[in-house]
Amino acid sequence: MTKKQGRRAAVKSDRRSSSSVPSNCEDSSSRVINPNKRLSMLNTLLILIVSPAISSYVYRMLYASNTDLDSSLPYVYQRGLVKTDINYQEILTENAKVSENTSIRHFPNPVLAYVTPWNSKGYDLAKEFNSKITHISPVWYDLKSQGAEFILEGRHNVDKGWISDLRMKGNALILPRFVLEAIPMDMLKKKKQRAKVIDLIITECKEMDFDGIVLESWSRWAAYGVLHDPHMRKLALQFVKELGQSMHAVGNLQLVYVIGPPRSDKVQEYDFGPEDLQSLSDDVDGYSLMTYDFSNPQNPGPNAPLKWITSTLQLLLGGSQNLSQKIFLGINFYGNDFVLQGGGLGGGAILGRDYLSLLEKHKPELQWEKKSGEHFFLYSDENNNNIVKHVVFYPSLMSIAMRLDEARSWGAGVSIWEIGQGLDYFFHLL
C-alpha cells in the first residue's frame with residue numbers, strides 16, 4: 001500500500017487520464033477550425049463583453065431575491081458571489097473560504113467525485129466534503145493483457161487508511177476506476193476470457209472491500225476499432241452486461257460505466273447511444289458522462305458549452321427522462337489556457353492553482369461568454385521577443401451552478417473530474 005506522502009510527490013497536471021489513449025475528444029476533427037479563422041475568433045473574444053446585469057433567470061428566482069434573508073442558502077449565494085460580473089480580486093479573496101456546515105447538501109441528486117493519485121488535494125477534499133458526495137472514484141486500476149492472461153495493476157495505489165477515514169465521516173460509496181486496457185479481440189470473443197476478467201474485478205472488490213467500480217472501456221474499444229464491427233460491438237455490450245450481472249449477484253456491488261458524448265448531432269456506430277443506454281439499463285447502476293473537453297489547442301474555446309451539454313443529453317436520452325436518474329453529468333473542475341496568436345498552436349489544461357497564479361500575475365478582466373455559459377479572460381506574455389496572446393477558460397461559481405441546474409432539471413446526478421483540480425468554494429454549491 002502506498003503511503004499518502006509518497007502519493008503527494010507524484011504530481012501531474014493531467015486533467016482526464018494518465019493513459020496514452022485520449023478521452024472523449026480524441027477525434028475532434030469535426031470541431032477543428034481553419035487557421036484563417038483564428039484571427040476572427042480572437043476579434044470575437046476581444047469584443048465579447050456581456051453586460052454585468054445579465055444573469056441566469058432561474059438563479060435569480062431560486063436564490064438572488066432571498067440572498068440576504070435566508071441563511072440556509074449556500075454561503076456563496078449569501079455572499080453574492082454567484083454572478084456573471086466577477087473580478088479577479090474577488091476570486092483570489094474568496095476561493096479558499098469554507099464558511100458553512102460542510103455536511104449540508106444543496107444539490108439533491110447523486111454526486112460522483114473522481115480523485116487521482118497525482119493530485120493529493122483531491123484526497124483531502126474528499127474527506128472534508130464527504131457528506132456532499134455520494135460516490136467517490138479514486139483513479140487506481142488498469143487491467144491489461146499479459147500474453148493469454150490478464151493482470152490487474154494498481155493495488156499499490158490503494159490507501160486503506162483514507163478509505164477508513166471516509167467511511168467514518170460519511171456514507172459515500174467507494175468505486176475505484178478500472179480502465180480496461182486489455183487487447184479486446186480475444187477477450188470479447190471467448191466466454192472463458194471474459195469470465196477471467198470479470199473474476200479479477202470482483203475478487204479485487206471483495207478483497208479490498210470496495211462498493212463497486214467505475215469502468216472505462218468504451219474509448220479504448222473505439223481506439224482498437226472494435227465498435228466499427230457490428231458483431232464485436234454486440235460482444236462488447238454483452239461483456240458489460242455480464243460484468244454488471246455478476247457484480248450484482250455477489251453482494252450487490254455497483255457498476256458505473258464511463259461514456260463519452262456523441263461526436264456529432266447524429267449517433268454514429270462508435271458512439272454510445274440511446275439504444276445502448278437502454279440495453280444496459282438493468283445491469284448498469286450509473287453512467288459517468290464525459291461532457292467536457294469540447295475544445296482543444298487546435299480549436300480554442302469553452303470547456304463545455306451549456307447548449308452542447310443540453311443537446312448531448314437530448315440526443316442520448318432520446319427525449320425521455322426514464323433513464324436520466326442513472327446519468328452522472330460530467331462537470332470539469334479544470335480549465336484551459338490556449339494560445340490564440342503569436343505562438344502557434346499550443347496551451348492546454350490548467351488546475352486551480354495555475355488559474356490563481358494567472359489571476360495574480362495578469363490581473364485580468366473576466367468576461368462572461370453568454371452562449372457557452374462560461375467565464376474567460378485574455379492576457380498576453382512574451383516569448384522569444386514575440387507577443388503571445390492567450391485565452392483562459394476556467395470554471396466559475398456561475399458556470400458550475402448553471403450545470404448543476406441543468407442536471408437537476410433532468411433528474412440526473414453529476415460526476416466531477418476531478419475535485420482536486422478545482423477551487424475550494426465550488427463545494428458550497430453541492
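**Figure 1. Helix α14 against the strands of a sheet.** In this predicted model, helix α14, made of residues 352–362, lies across strands β10, β11, β13 and β14. Strand β13 covers residues 374–383 and strand β14 covers residues 386–393. The helix runs at about 65° to β13.

**Figure 2. The five-stranded open sheet.** The strands follow the order β11-β10-β14-β13-β12, and their pairing is antiparallel. β11 (347–350) and β12 (367–369) stand at the edges with a single partner strand each, so one side of each has no neighbour in the sheet. From one strand to the next, the twist averages 35°.

**Figure 3. The pairing of β10 with β11.** Strand β10 spans residues 335–341 and is joined to β11 by four bridges. The two strands run antiparallel. Within this pair, G335 stands opposite I350 of β11.

Figure 4. Strand β2 is formed by residues 135–146 and strand β3 by residues 149–153. Five bridges pair them in the antiparallel sense. L143 has L152 in β3 as its bridge partner. Two residues lie between the strands of this hairpin. In the turn, G147 has a positive phi of about 65°.

**Figure 5. Helix α7 and its buried side.** Helix α7 consists of residues 160–169, and its buried residues are W162, I163 and L166. These residues cover an arc of only 100° around the axis, which puts them on the same side of α7. The N-terminal end of the helix is capped by D159. A side-chain oxygen of D159 lies 3.1 Å from the backbone nitrogen of G161.

**Figure 6. The packing of α6 with α7.** The axis of helix α6, residues 121–128, comes within 9 Å of the axis of α7, and the two cross at roughly 25°. Because angles under 35 degrees count as roughly parallel, α6 is described as roughly parallel to α7. On the α6 side, the residues in contact are Y123, A126 and K127. They meet W162, D165, L166 and K169 of α7. Of these α7 residues, W162 and L166 are also among the buried residues of the helix.

**Figure 7. The chain as a whole.** The views above are taken from a chain with 15 helices and 15 strands. The chain has 430 residues, of which 56% count as buried. Among its contacts with a separation of 6 or more, 77% are between residues 24 or more positions apart.

Definitions and conventions. Residues numbered from 1 in each chain as written. Predicted model: local features only at pLDDT ≥ 70, side-chain atom pairs only at ≥ 80, totals over all residues. Heavy atoms only, no water. Pairing = 2+ DSSP bridges. Axes fitted to C-alpha atoms, helices over the stretch in contact; angles between N-to-C directions. Contact = heavy atoms within 4.5 Å. Buried < 20%, exposed > 50% of the residue type's maximum accessible area, 1.4 Å probe, protein only. Arc of directions from axis to C-beta. Polar contact = N/O pair within 3.5 Å; in protein donor to acceptor, adjacent residues only side chain to side chain. Parallel < 35°, antiparallel > 145°, perpendicular 65-115°, else oblique.
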